[in-house]
Amino acid sequence: MLFRSSLTAASEDFMYQVEWRKAPLHSTSPRGTDTSQYVIIDRRGDGVAQSLVHNLKIRGLRVTVVENRVDPATSFEPAIQLAQPVTDVIYLAGSELAASSGTHVLLIAQSLLRSAQPTLPRLWIVTSGAQAVAASATSGLQQAPLWGLGRVIAAEHPDLRCMRVDLDPDSDSMSMLLDEVLSDTTDMEVAFRTGIRLTPKLVAIQLAESSDMGFVRSDASYLVTGGLGALGLRIAKWMVASGARHLLLIGRHVPSTAAEKVIAELRDSGAEVRVEQADVASASDMGSVFQKVFKTMPRSEEHTSELQSR
């Protein structure tokens, strides 16, 4: 958002954000026949799996459950072998750390890819409160990385049709999950909130016109990491044009000839431009840089953090 004041109408066409919008379930060919086989991996242990199992079984469908106390690393592959042919595998994420649940999902996906089935089953990743939908709280934030993993699985192994569903953490959405599982929906990402089904959409961002960014001051210092590259130098030029007079450009290597030319132009315009070689991932490198510049570059009390954060 740094260049908001200079964005043109054309460039605004490239600014988007994700919004969750109402999307009623449309299923032209409901799934779930007497040949369907569902495997449920229950990591919640709170009755959600039992309710799902019950509702699937009363429809005459076959269900295999891997309980939450069982390690999927050692139990899932035998379970899928016994249940073949499997049509759907449903992973109900629990409150465990993302590293643990991510490992489970990865092992499950690998097991499915090793199976001898001619048609791979759909893999469902079911979380609760993991997505920031409207004003709802992300009470299941530790489950959010599973959505990232699910997107990778969907991209690299589309035959698994990896579906991501986020349950409402504040109300019962079991019937909606059941409808979703029994449908032939192609929506890969779905969230339920207050009885409403939502899917994510990319929508254009409407940026407010502003000629004053507010935070650029002549009596403060600004640090630009990657400041010797093309983007960093462009930011430096914009900041000087916006009124900044004290810049610290950090890069891992010495400035190129082109970078030296831009730096000279900035200095000729009246700006103080310091250049330091440092690796921003190195605490010792950055500590050394800060020790030097804090003694020599201006810091207004209000903008003490500018040097560290910009």
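Visitor: At what angle do helix α2 and helix α6 pack?
Guide: Helix α2 (residues 48-57) and helix α6 (residues 174-181) pack at about 50°, and their axes are 10 Å apart. That makes α2 oblique to α6, since angles under 35 degrees count as roughly parallel, over 145 as roughly antiparallel, 65 to 115 as roughly perpendicular and the rest as oblique. Axes are lines fitted to C-alpha atoms, for helices over the stretch in contact, with angles from 0 to 180 degrees between N-to-C directions. Helices (H or I, at least four residues) and strands (E, at least two) are DSSP runs numbered from the N terminus.

Visitor: What kind of model is this?
Guide: A predicted one, where local features need pLDDT of at least 70, side-chain atom pairs count only at pLDDT 80 or more, and totals for chains, interfaces and linings use all residues. Residues are numbered from 1 along each chain as its sequence is written, and side-chain values use heavy atoms, with hydrogens and water left out.

Visitor: Which residues of α2 and α6 meet?
Guide: Val 48, Ser 51, Leu 52, Asn 55 and Leu 56 of α2 meet Met 174, Leu 177 and Leu 178 of α6 (contact means heavy atoms within 4.5 Å).

Visitor: Which strand does β5 pair with over five bridges in the parallel sense?
Guide: Strand β6 (residues 163-167); pairing takes at least two DSSP bridges. Ser 128 has Leu 167 as its bridge partner in β6. Strand β4 (residues 88-92) is also joined to β5 by five bridges, running parallel.
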